[in-house]
Amino acid sequence: MLLFLSQEPEARPGPPPPVAAAAAGLGPAPGMSVCGEAVGAGSLPSELVVHIFSFLAGPDRLRASAACSHWRECLFYPALWPRLRLSLRVSPAERPRLEFLMRKCGWFVRELRVQFAADNYPSGGGAGGVAAAAAAGEGAVAAAAGGDGEAPPPPLCPRWLDLLRTYLELVLCVLSSVRNNRNLQKLSLFGDISILQQHGSISNTYLGKVDPDGKKIKQIQQLFEEILGNSRQLKWLSCGFMLQIVTPTSLSSLSNPIANTMEHLSLLDNHIPGNTTLITAVELERFVNLRSLALDFCDFTAEMARVLADSNHVPLHRLSLLVHSVSIMHKSLDSMPEDENWKALTRNSTNLRVYIMAFDVKSDDMLRILKPSIPLERIHFDSYITCVSGAVVDLISRQYDKFLTHFILMNDVIDMSGFPDLSDNRNEDPLVLLAWRCTRLSLLAVHGYTVWAHNLIAIARLRGSDLKVLEVTEESIDFDQGELADQDVDPVHNLIEQVSLGLGRPWHAVMDIELLSVFTEPTRHFYREMQSFSEGI
């Protein structure tokens, strides 16, 4: 289904004009007369129709446009659609509707946000979904390391190939429609289709089956560079989890005046092979006005930190970093910023806050990455093979107690019979210590790790109503034998009651993990939160 929203200008307060009310189905169409001559609504000047539309909310505006062909043409007046936000299912049925909408709005829209999403990921074997992706990723890592687990990637079913083919066509449609738009100020592209690619399931072999000579991929890359080259007002450029749209030479298409005034830049997991990076420290020197930046962690080097810490650069306010096991495997952590680099950066950017998402990263690597001087405000762990250790959680609570507000811990384990226990061999549970030390903590979400009921009650009491979001899945909660043996108290009812009292509001465990988007759609959740995080300066 194709969804599009315009949030600016907002519907004006007060009742709509009579004609607008009639067209929106809010009342009968009144008669009109100008100098004694009867005039129908279809004879109104375009300027007046557009003015009427400006009073209506988006859905009412669409209904009003059905009054006649003249009103339908006025619907796409540029002033009514400065922002266009699309959520596209990767389906052939989307293409004609997308082509119509982009033909109408692509040449003038000032802010364009597009999400390409596949609802279900078909697999070639018996297993499907994320579990199959994780298995594929494990084999890919073993093969790259030259281990015994070397095996060819699993074959993709015909539907998967159709999905990739449709994805390329939809991307071409969007990019070709805005290639000459010089009013474009914000461009944001998110390609959820590459979620399996992150785990090694999409390779050039598969792409070769849907784009044999690579013409479509090259055309997409050329269109993207044309958009950058033609831009005259671009302030926000964000491209996340797209399939081979950004290349190491893409940013060179931006003119120096545009690069100098760019305020946000996001280049995340764009299926770049090997140790290739999308932006270098030398290229970053042109972006002197950046206030927010989002990159793969392995691309964010100590030299980049020095560039951003320079007095010629405006203070950086938001930095989002994606740490991925596949990137760590292909690239070295030796070039990452050391603690002195973070100290220098925070001296120039005193209001800097950092958001880190870690995909299947080993605890030893995280202990290397988490430098004491990082002003870490949000961290999100998502695991399929590896698990976060209690030592990592303890380190986070000790080092970032003055900054941390969001802590997400997700583990997509296939075996639901036993979750890792962070409190093993420890006097205090690391999550309880996190709640005690991090006084600004407002969001805590856990799945796939054992959370003892008495510890959950302690967390609720420690943070109280300041903990705005506490999401723990039912299967992650465990009870002591003493709690279960007490015949006079229902342990589940007692848990709900005590946590609710601690938080000062009704609380329930998450009963259906599939309703938790941070678990079912981790990349989309991260990208959406990163956008909000970057805009909240």
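Mentor: Gladly! Let's begin with Glu 111, which forms a salt bridge with Arg 113, their closest N and O atoms being 3.0 Å apart. Please keep in mind that this is a predicted model, where local features need pLDDT of at least 70 and side-chain atom pairs count only at pLDDT 80 or more, while totals for chains, interfaces and linings use all residues. Residues are numbered from 1 along each chain as its sequence is written, and side-chain values use heavy atoms, with hydrogens and water left out.

Trainee: Are Glu 111 and Arg 113 buried or exposed?

Mentor: Both are buried (buried means under 20% relative accessible area, exposed over 50%, partly exposed in between, with a 1.4 Å probe and protein chains only).

Trainee: What does the salt bridge between Glu 535 and Lys 186 tie together?

Mentor: Those two side chains meet at 3.8 Å, N to O. Glu 535 lies in helix H22 (residues 522–535) and Lys 186 in strand E6 (residues 186–191), so the pair links parts that are 349 residues apart in sequence. Helices (H or I, at least four residues) and strands (E, at least two) are DSSP runs, numbered from the N terminus.

Trainee: What makes Glu 535 count as partly exposed?

Mentor: Its relative accessibility is 37%, so Glu 535 falls in the partly exposed class. Lys 186 is partly exposed too, with a relative accessible area of 25%.

Trainee: Which residues are linked with them in a network of salt bridges?

Mentor: The network links Arg 83, Arg 85, Glu 111, Arg 113, Lys 186 and Glu 535.

Trainee: How do you know that H5 is roughly parallel to H7?

Mentor: The axes of helix H5 (residues 94–105) and helix H7 (residues 158–177) come within 10 Å and cross at roughly 5°. That angle makes H5 roughly parallel to H7 (under 35 degrees is roughly parallel, over 145 roughly antiparallel, 65 to 115 roughly perpendicular and the rest oblique). Axes are lines fitted to C-alpha atoms, for helices over the stretch in contact, and angles run from 0 to 180 degrees between N-to-C directions.

Notes
A salt bridge is a side-chain nitrogen of Lys or Arg within 4 Å of a carboxyl oxygen of Asp or Glu.
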